[in-house]
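This report covers helix packing and nonpolar cores. The structure comes next, then the details.

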Amino acid sequence: MSRATSKPIKAEFTITAPAKGGDSVAVLNLSGQWIITRLEGIAARMQSALKKYDRVHVTTDGLEALDSAGAFALHYALTDKLDGEIFSDNENYARLYALVGGNRPTMDTYNRENPEVRKFWLHPIYYGLVHLGQLMSGFWRGFIAQSVFMGHVMTLIMLSIARPSRVRWAPLFNIMQRAGLEALPIVAVTNLFVGAVLAFLMVLSLKAYGGAVFSIDFVSIGVMREFAPVIAAVLIAGRSASGFAAEIGSMKMNQEIDAMRVMGIDPYEALVLPRVVALVIMTPLVTFIGALAGMLGGSLAIWGSLGLGPQYFVQRLYDYVPTVNLFVGMIRTPVFAVTIAVVGCRLGMSVKDDVISLGRQVTKAVVQSIFLIFMIDAIFAMLFNGFTF
């Protein structure tokens with residue numbers, strides 16, 4: 001019994017220094033159980049003890065057990081100092097050591113997979129700037145990835161124009177129905193309420209100056225130029241960008257996209273192109289219906305507030321609101337459509353093999369789409385600022 005308890009259980013090692021004037025190779029002897037529950041920081045201790053030796057020969061006289069964690073700890077401590085063969089008397093241990101040695105992660109990989117916990121309370125300004133730099137770096141990488149993906153899609157669109165037989169018509173019409181026609185009710189109702197609220201605000205603001213009738217002009221211009229395109233794009237982004245990311249991401253998780261590549265089918269041509277084209281076709285239609293609904297809501301609100309009926313609303317719209325406002329609003333809808341489709345499909349393609357990644361990419365698809373919609377809308381507002389009413 002005493003003999004059994006004298007055997008070392010946790011992983012241990014001893015180092016025999018080389019004799020002066022003799023062989024310059026130190027001898028490292030392993031003992032105990034080199035398994036994950038018995039290591040207790042031995043890798044760092046052994047690496048520190050081996051720093052002064054250039055070459056190390058390993059013996060395993062007292063080694064009782066070895067798993068992948070123990071083999072990795074040994075490989076981590078030895079680095080390139082190993083002299084001769086290791087585990088020559090045990091083929092299983094030798095294969096295990098070779099396996100972990102061939103897949104040793106770099107420090108950059110470790111830092112990327114195990115980010116340091118930021119202690120913002122220590123240096124808030126420093127860590128705030130670091131966090132801002134990381135956000136900008138991530139934004140720049142996303143912009144590059146988005147541009148590359150967009151270039152691939154535009155190339156496919158040009159090839160499809162040259163050869164219409166490349167277009168998959170059945171998926172195209174299916175997505176036009178799901179992403180376009182089925183979005184009409186929610187877009188129309190939302191614009192109806194927004195137009196009514198905008199009309200109430202305009203009447204309330206202008207009534208004090210005796211110009212309540214001009215609320216018709218403001219509501220019509222606001223709905224056609226800004227509210228209808230942005231509201232339609234945001235709602236389509238919430239419906240379609242998330243849907244595209246979830247559909248393509250699920251196919252990526254189930255390795256269906258890999259199977260398509262094996263069969264010689266381009267996933268971009270089969271999955272991405274129909275979605276982009278469908279949104280480019282349907283978004284202007286959905287926006288136009290939304291603009292009509294917004295002006296209908298505004299006319300009903302003005303009718304109830306001022307007693308000016310729909311006929312007067314339409315007549316003043318025809319006389320005082322130029323058609324250029326509708327053009328300014330509609331010209332940005334294809335850009336919104338391409339942005340929504342490309343963001344949703346790109347993030348769907350970047351899904352990993354787990355459900356958490358799928359949820360993150362779906363959330364990012366909606367957030368990035370809406371952010372880009374407002375950014376693009378601001379750019380168009382500045383570009384068309386010189387257009388007179």
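## α6 against α11

The axes of α6 and α11 come within 10 Å and cross at roughly 85°. Axes are lines fitted to C-alpha atoms, for helices over the stretch in contact, and angles run from 0 to 180 degrees between N-to-C directions. Helices are DSSP runs (H or I, at least four residues), numbered from the N terminus. α6 and α11 are therefore roughly perpendicular to each other (angles of 65 to 115 degrees; under 35 is roughly parallel, over 145 roughly antiparallel, the rest oblique).

On the α6 side, the contact (heavy atoms within 4.5 Å) uses Phe149, His152, Val153, Leu156, Ile157 and Ser160. α11 answers with Tyr268, Glu269, Val272, Leu273 and Val276. By class, the contact of α6 with α11 has eight nonpolar, two polar and one charged residues.

## Basis of the model

This is a predicted model, where local features need pLDDT of at least 70, side-chain atom pairs count only at pLDDT 80 or more, and totals for chains, interfaces and linings use all residues. Residues are numbered from 1 along each chain as its sequence is written, and side-chain values use heavy atoms, with hydrogens and water left out.

## α8 against α11

Helix α8 (residues 184–207) also meets helix α11 (residues 267–306): their axes come within 6 Å and cross at roughly 40°. That makes α8 oblique to α11. The crossing of α8 past α11 is right-handed (the near helix is turned clockwise from the far one by less than a right angle).

The contact of α8 with α11 has 15 nonpolar, seven polar and one charged residues. Among the α8 residues in it are Leu192, Gly195, Ala199 and Lys207. The α11 residues include Gly290, Gly294, Gly297 and Gly298.

## Nonpolar cores

The largest nonpolar core has 53 residues. A core is a set of buried Ala, Val, Leu, Ile, Met, Phe, Trp, Tyr and Cys residues joined through side-chain atoms within 4.5 Å. Phe149, Phe244, Leu271, Val272, Val276, Leu279 and Ile340 touch the most other members. Helices that each supply at least two residues of this core include α6 (124–162), α9 (215–253) and α15 (355–383).

Val272 touches Phe149, Val153, Pro267, Cys345 and Met349, not counting residues up to four places away in sequence. A second, separate core of 27 residues includes Leu30, Leu50, Val56 and Ala77.

## Ser299

Ser299 lies in helix α11. Ser299 is buried, with a relative accessible area of 5% (buried means under 20%, with a 1.4 Å probe and protein chains only). Leu308 and Phe313 touch Ser299, not counting residues up to four places away in sequence.

Key:
Ala, Val, Leu, Ile, Met, Phe, Trp, Tyr, Cys and Pro count as nonpolar, Asp, Glu, Lys and Arg as charged, and the others, Gly among them, as polar. Buried means under 20% relative accessible area, exposed over 50%, partly exposed in between (1.4 Å probe, protein chains only).
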